[in-house]
Amino acid sequence: MNDDYKSALSKIHLNDIQKEQMKQLFKKKHMRRKNIIAKSIVAAAAAVALVLGTVGVGKMIGVGDADCFTLQVNAKEMGQEGDKNISDEYVYDVSISSPGENTIAYNTEFPIICKGENISTVTYSVKGGLFQITNPVNERIVINGQKPSKELWMPSAYNDMTKEKKELNQYTSFTVDYTKQKSEHTVITVGYNSKMYSPEKSWNIYSMYHSKAARTPEGLAEVYEEFYRDLDITCTVTFVDGKTATKKIVVSALPEENEYGDSDFTGDNGTVVTCYRVKK
């Protein structure tokens with residue numbers, strides 16, 4: 001600012017009073033210019049804050065927040081761990097059998113669907129169990145999968161497939177396209193075989209299954225709980241911009257009575273319901 005007014009004064013001849021007046025004039029103009037710049041910066045910052053605030057409230061794509069997607073079972077949004085009301089968010093077709101050698105295995109439907117915006121792929125991974133996916137040959141929906149080091153025998157679930165040629169694959173994790181998470185003839189289940197546990201735990205589950213307690217829905221639920229206790233399932237979505245978000249899934253077994261049932265061991269006296277929940 002000093003250089004500006006000195007340069008101007010050197011070109012004209014003014015008395016001392018006039019020089020002081022000119023100095024004050026340059027000073028006022030300079031301060032006003034600084035104020036304009038400062039106000040512009042504040043306005044720009046406010047605009048940026050407004051945009052960021054909109055993204056945060058609207059949960060725009062790529063924020064990496066797990067709330068950007070939901071998980072559904074039977075077209076109902078999954079509740080959280082500890083919820084008492086199971087509504088339609090459970091699965092009936094649970095099968096358990098004994099292949100011999102003091103071993104039992106279970107297999108239950110995994111009818112989970114992911115819902116969200118701007119999602120590219122959905123990946124499920126499991127510990128303490130395996131995914132078993134059955135589909136007609138050449139109709140595989142899995143675009144990427146991790147195979148277990150050893151396949152386990154588990155009860156099969158074909159879901160009344162009409163085509164003869166089927167293939168069955170087991171995975172510790174698998175990825176599907178968001179737009180094709182299911183298909184009409186694909187059956188996705190989760191299960192395990194007690195033979196892979198320690199001899200002590202395997203025998204404990206085997207004994208529970210063949211005891212009198214297992215002849216009731218409550219007793220059968222206890223057997224399933226022993227399997228489900230080790231299940232650790234994770235769902236990870238990848239957005240179109242490459243960012244990801246994750247939810248943990250917990251599984252539990254609940255007994256459900258059959259009012260027309262009897263004491264027959266086949267299960268007519270009741271059944272076991274598999275319940276999926278989002279981990280808190």
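## Helices and strands

The chain contains four helices and 15 strands. These elements belong to a predicted model. Of the 280 residues in the chain, 37% are counted as buried.

The accessible surface of the chain is about 16400 Å². Carbon and sulfur atoms supply 51% of that surface.

Most residues other than glycine have a negative phi.

Asparagine 118 has a positive phi of about 55°, although it is not a glycine. Its place is the loop between strand E6 (112–116) and strand E7 (119–127). Asparagine 118 counts as partly exposed because its relative accessibility is 39%, a value that falls between the limits of 20% for buried and 50% for exposed.

Asparagine 138 also has a positive phi, near 70°. This residue lies in the loop between strand E8 (130–136) and strand E9 (142–146). With a relative accessible area of 76%, asparagine 138 is exposed, since the class of exposed residues begins over 50%.

## Aromatic pairs

A pair of aromatic rings is described by the distance of the centres and the angle of the planes. The count for this chain comes to 13 aromatic pairs. One of the pairs is formed by tyrosine 224 and tyrosine 228, whose ring centres are 6.0 Å apart and whose planes meet at 25°. The centres lie within the 6.5 Å limit for a pair, and planes under 30 degrees apart count as stacked, so tyrosine 224 and tyrosine 228 are a stacked pair.

Both tyrosines are in helix H4 (residues 217–228). Tyrosine 224 and tyrosine 228 are four residues apart, about one turn of the helix. Tyrosine 224 is buried because its relative accessibility is 4%, and tyrosine 228 is buried with a relative accessible area of 3%; the limit for buried is under 20%.

Another lysine is placed over a tyrosine ring: lysine 147 lies over the face of tyrosine 171, at 4.9 Å from the ring centre.

Note on methods:
Residues numbered from 1 in each chain as written. Predicted model: local features only at pLDDT ≥ 70, side-chain atom pairs only at ≥ 80, totals over all residues. Heavy atoms only, no water. Helix = DSSP H or I, 4+ residues; strand = E, 2+ residues; numbered from the N terminus. Buried < 20%, exposed > 50% of the residue type's maximum accessible area, 1.4 Å probe, protein only. Areas by Shrake-Rupley, 256 points an atom, 1.4 Å probe, with all protein chains shown as cover. Phe/Tyr/Trp six-rings, centres within 6.5 Å; stacked < 30°, edge-to-face > 60°. Lys NZ or Arg CZ within 6 Å of the ring centre and 35° of its normal.
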